[in-house]
Amino acid sequence: LDLMLIKAFIPPFILTFFIALFVLVLQFLWKYIDEIVGKGLEFRIILDLIFYLSTSLFIIAMPIGVLVASVMVMGGLAERYELATMKSAGISLARVMRPLIISGAVIGVLSFVTANYVVPVSNLKFKSRLYDIRKQKPMLNIVPGRFIDEFRTTVIRVGDIDKDKNVIRDVMIYDHENRKNDNLTIASWGEMYFTDNQQYMVMRLHDGRQYQEMQKSGGPSDIEPYVRTSFKTWEKMFDLSEFAFSQTDEELFKSHETMLSLRQLNVSLDSLRIRSRQQIEQQQD
């Protein structure tokens with residue numbers, strides 16, 4: 001009887017466990033979807049985020065799996081009148097439920113071990129990855145007719161883009177890297193491409209003009225001098241390193257309570273008690 005009930009319990013438990021885990025992961029991803037989409041993240045980074053999130057949700061999905069699987073097993077026995085047959089044969093309900101109770105206890109111990117040793121590590125990995133994604137800039141996306149200000153010191157506007165030939169038209173680049181001398185570059189057309197290592201974006205502009213504001217000399221005149229130049233061909237390189245994904249040191253998050261095991265929490269609690277006692281003694285003195 002025990003072996004029969006355990007065999008009947010394991011398949012629905014595994015099925016409901018993964019279904020519950022899938023629903024929980026979708027719920028959390030839906031919460032953070034706005035912070036993930038449009039960042040140009042590698043598929044490996046997204047898989048890492050989902051893996052660590054799934055691991056941290058094990059302790060929530062396990063009780064759901066035990067509950068639903070137990071209801072399915074006992075409901076199936078009652079539906080087929082097997083419970084009534086066992087009762088008429090002198091088998092008590094506690095004896096019938098003993099294998100399910102033992103299985104639930106084993107899963108409970110496994111959940112505690114997972115929560116104490118695995119979940120703190122997965123929370124640390126997940127929170128650090130999520131922090132890196134939050135501070136990651138959106139992927140550069142040049143839209144015709146829109147001012148693009150993703151770069152720290154440069155604003156770009158492109159009137160039209162021919163993506164097949166990488167040709168851009170009606171280009172405007174405002175560079176304010178040097179606060180004393182701002183540059184405005186206007187060109188009728190040009191080419192846009194990326195270097196082989198994908199670290200730089202290059203704009204080669206043709207038939208354009210450049211306006212550069214000069215710093216005032218400090219005289220009484222209110223006229224701000226500027227330099228206007230014309231060019232046949234002019235190149236501008238944009239560093240894309242600020243859009244690259246950078247990983248933060250995980251040591252910054254290790255002190256959070258959700259990243260600590262039971263032993264580490266007790267050590268932190270003792271430290272807080274000692275610090276609190278010292279502050280009280282200092283105030284009394």
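**Close-up 1. Arginine 204 and glutamate 235 meet through their side chains in a salt bridge.** In this predicted model, the distance from N to O in this pair is 2.7 Å. Arginine 204 belongs to strand β5 (residues 200–213) and glutamate 235 to strand β6, so the contact ties together parts of the chain that are 31 residues apart in sequence. Arginine 204 counts as partly exposed, with a relative accessibility of 27%, and glutamate 235 likewise counts as partly exposed, at 39%.

**Close-up 2. A salt bridge joins the side chains of lysine 236 and aspartate 175.** Here the N to O distance is 3.3 Å, and the pair links distant parts of the chain, since lysine 236 sits in strand β6 (residues 226–239) while aspartate 175 sits in strand β3 (residues 167–175), 61 residues apart. Lysine 236 is buried, its relative accessible area being 17%, and aspartate 175 is also buried, with a value of 14%; both assignments follow because buried means under 20% relative accessible area.

**Close-up 3. Within helix α2, aspartate 48 and arginine 44 are separated by about one helical turn.** The two residues stand four apart in this helix, which covers residues 43–56, and their side chains meet in a salt bridge with an N to O distance of 3.6 Å. Aspartate 48 counts as partly exposed, at 21% relative accessibility.

**Overview. The pairs shown in these views are among the five salt bridges that a search of the whole structure finds.**

Definitions and conventions:
Residues are numbered from 1 along each chain as its sequence is written. This is a predicted model: local features need pLDDT of at least 70, side-chain atom pairs count only at pLDDT 80 or more; totals for chains, interfaces and linings use all residues. Side-chain values use heavy atoms; hydrogens and water are left out. A salt bridge is a side-chain nitrogen of Lys or Arg within 4 Å of a carboxyl oxygen of Asp or Glu. Buried means under 20% relative accessible area, exposed over 50%, partly exposed in between (1.4 Å probe, protein chains only).
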